[in-house]
Amino acid sequence: FLLNYYAESENKTLRLEYSKELITHLLDNKKYNDLIIGLNYNNRLAGIICGIPLDINHKGRKLKCVEITFGCLHKILRTKHIYPLMITEIKRRCVLHDMDLAFFGCPLDLPNKLCCGTYYHRDLNIDKLLDADFTYVPENMSLAQYKHKNKVYDLNIKLRKMEEKDVLSCHELYHKFYQKYDIYREYSIEEFRNTFLLNDKCIETFVIENDNDITDFISFYYLNSQVLNNPKISSIKKAYVYHYVN
């Protein structure tokens, strides 16, 4: 359902392709499974909206929050004023769990926004991305110049995958690093382990170790794009930088 109706580019050539592993990781919380709401229409899934509980630290205050995500309706229902009812229902359920603050992301420049961010893309396989209309060569560059600009150099950094023995050190390192920001997500030890160690099919984490001490770590998650109406390319594999400490 998400693949067919959730996030599509304006020119209708690309769709986000959430893997089952990533969806399971994001929504696997039995304590709050009533925050995953599906809409049934003629015995078929026609709408979905989900709440993911989060512990947020905002300027030293710990807040119990919920992230609203995967809000999606079938195209034939989008003019029926159903989505506001779904938001009202998930709001009611959040209040029952004593969650008084919800947030969501969107591509629009809304008033009273809490924070904003920018996505920067690094093209690794330029020829494939050009064939899929995912990227373009800037007007002031030749193709050779653009490939040279995006060339990946070997920096000889000794990264290795995170292991069980690294979890406590990385958890402590994470919270020390992010305390300098006004707002960040807090993880319990178990949440940290489940996110960064046990979900390597959708989230991978690497560390740098010096003299038996973890000094840096970086993680990324896979979120591919399905390529539409292209006989040569069906999917683009993408890695999004997640949390890191350096």
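Predicted model: local features only at pLDDT ≥ 70, side-chain atom pairs only at ≥ 80, totals over all residues.
Let's start with strand 3. It covers residues 44–58. Is it enclosed or open to the outside? Of its 15 residues, 11 are buried, so strand 3 is largely enclosed by the rest of the structure.

Now its partners. Look at I37: its bridge partner in strand 3 is I49. Strand 2 and strand 3 make a hairpin with 2 residues between the strands. There, N42 takes a positive phi near 55°.

Next, strand 4, residues 61–73. It pairs with strand 3 over 11 bridges, again in the antiparallel sense. G47 has L73 in strand 4 as its bridge partner. This pair is a hairpin too, with 2 residues between the strands. In that turn, K59 has a positive phi of about 55°.

Strand 3 also pairs with strand 7, residues 183–186. That pairing is antiparallel, over 4 bridges. Here N57 has Y184 as its bridge partner.

There is also an open sheet of 3 strands, in the order 1-10-11, with antiparallel pairing. Its edge strands are strand 1 (14–17) and strand 11 (235–236), and each pairs on one side only. Strand 10, residues 224–227, pairs with strand 11 over 2 bridges. In that pairing, S225 stands opposite I236.

On to the cores. In soluble globular proteins, nonpolar side chains tend to be buried together. The largest nonpolar core here has 15 residues. Among those with the most contacts inside it are M162, Y174, F192 and F217. Helix 6 (167–178), helix 7 (189–196) and strand 9 (213–222) each supply at least two of its residues. Which element gives the largest share? Helix 6 does, with 5 residues.

Take F192. Leaving aside neighbours within four places in sequence, its contacts include M162, C170, Y174 and F217. Apart from this core lies another, of 12 residues, among them Y32, L35, I37 and A46.

Last stop: D166. Where is it? It sits in the loop between strand 6 (160–161) and helix 6. Why does D166 count as buried? Because its relative accessibility is 3%, and the cut-off for buried is under 20%. A polar atom of the D166 side chain lies 2.8 Å from the backbone nitrogen of E163. Not counting residues up to four places away in sequence, D166 touches R160, K161, V207 and I214.

Notes: Residues numbered from 1 in each chain as written. Heavy atoms only, no water. Pairing = 2+ DSSP bridges. Core = buried A, V, L, I, M, F, W, Y, C linked by side-chain atoms within 4.5 Å. Buried < 20%, exposed > 50% of the residue type's maximum accessible area, 1.4 Å probe, protein only. Contact = heavy atoms within 4.5 Å. Polar contact = N/O pair within 3.5 Å; in protein donor to acceptor, adjacent residues only side chain to side chain.
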